[in-house]
Amino acid sequence: RVLVSEPPTYLVYTFTHEFLGGHETRVEWRLEASFGGTKVTLVHSGFETFKGDVFEMLASHDKGWDQHFSRLRVVAS
């Protein structure tokens, strides 16, 4: 569900998947001009109330975002 959309610089939406068991998190993207390129800031929050191993879930999502950003770097360069 999109919570905030301010094209082309800001987007906030809810996020869940099978491993979160329906627990809804929040993903926030911000794009800013920086040094002749674009600075991308991603904040993925809402894990603090997850009913399970929060550390494991954070580590898993951190790994997943690393994989997504690696692919984004290839596509964007």
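**Ground rules**

I am working from a predicted model, in which local features need pLDDT of at least 70 and side-chain atom pairs count only at pLDDT 80 or more, while totals for chains, interfaces and linings use all residues. I number residues from 1 along each chain as its sequence is written, and side-chain values use heavy atoms, with hydrogens and water left out.

**Overall layout**

Helices (H or I, at least four residues) and strands (E, at least two) are DSSP runs, numbered from the N terminus. The order along the sequence is β-β-β-β-α. The C-alpha trace spans about 45 × 25 × 15 Å along its principal axes.

I noted that 22% of the 77 residues count as buried. Buried means under 20% relative accessible area, exposed over 50%, and partly exposed in between (1.4 Å probe, protein chains only). Of the contacts with a separation of 6 or more, 19% are between residues 24 or more positions apart. A contact means heavy atoms within 4.5 Å.

**Strand pairing**

I followed the pairing from strand 1 (residues 2–6) to strand 2 (residues 10–15): the two run antiparallel and are joined by four bridges. Two strands pair if DSSP finds at least two bridges between them. Strands 1 and 2 form a hairpin, with three residues between them. Strand 2 also runs antiparallel to strand 3 (residues 25–34), with six bridges. Leu-11 has Trp-29 as its bridge partner in strand 3.

I checked the loop between strand 1 and strand 2, where Pro-8 lies. The peptide bond from Pro-7 to Pro-8 is cis, with omega near 0°. In the loop between strand 3 and strand 4 I found Phe-35. Its phi is near 50°, a positive value in a residue other than glycine. Most residues other than glycine have a negative phi, and most peptide bonds are trans. Phe-35 counts as exposed because its relative accessible area is 88%.

**His-44**

Is His-44 buried or exposed? I put His-44 down as buried because its relative accessibility is 16%. His-44 sits in strand 4 (residues 37–45).

Leaving out residues up to four places away in sequence, I list Phe-15, Thr-25, Arg-26, Val-27, His-61 and Trp-65 as touching His-44. Val-27 is 17 residues from His-44 in sequence, yet their C-alpha atoms are 4.5 Å apart.

The His-44 side chain makes a polar contact with the side chain of Thr-25 at 2.8 Å. A polar contact is a pair of N or O atoms within 3.5 Å; within protein, one must be able to donate a hydrogen and the other to accept it, and residues adjacent in sequence count only if both atoms are side-chain atoms. The side chain of Trp-65 also makes a polar contact with that of His-44, at 2.8 Å.

**Pocket lining**

I looked at which residues line the largest pocket; among them are Phe-15, His-61 and Trp-65. A pocket is an open set of points on a 1 Å grid over the protein atoms alone, where a 1.4 Å probe fits, with protein on both sides within 12 Å along at least five of seven lines; lining residues have an atom within 4 Å of a point. Helix 1 (residues 54–76) gives the largest share of the lining, seven residues.
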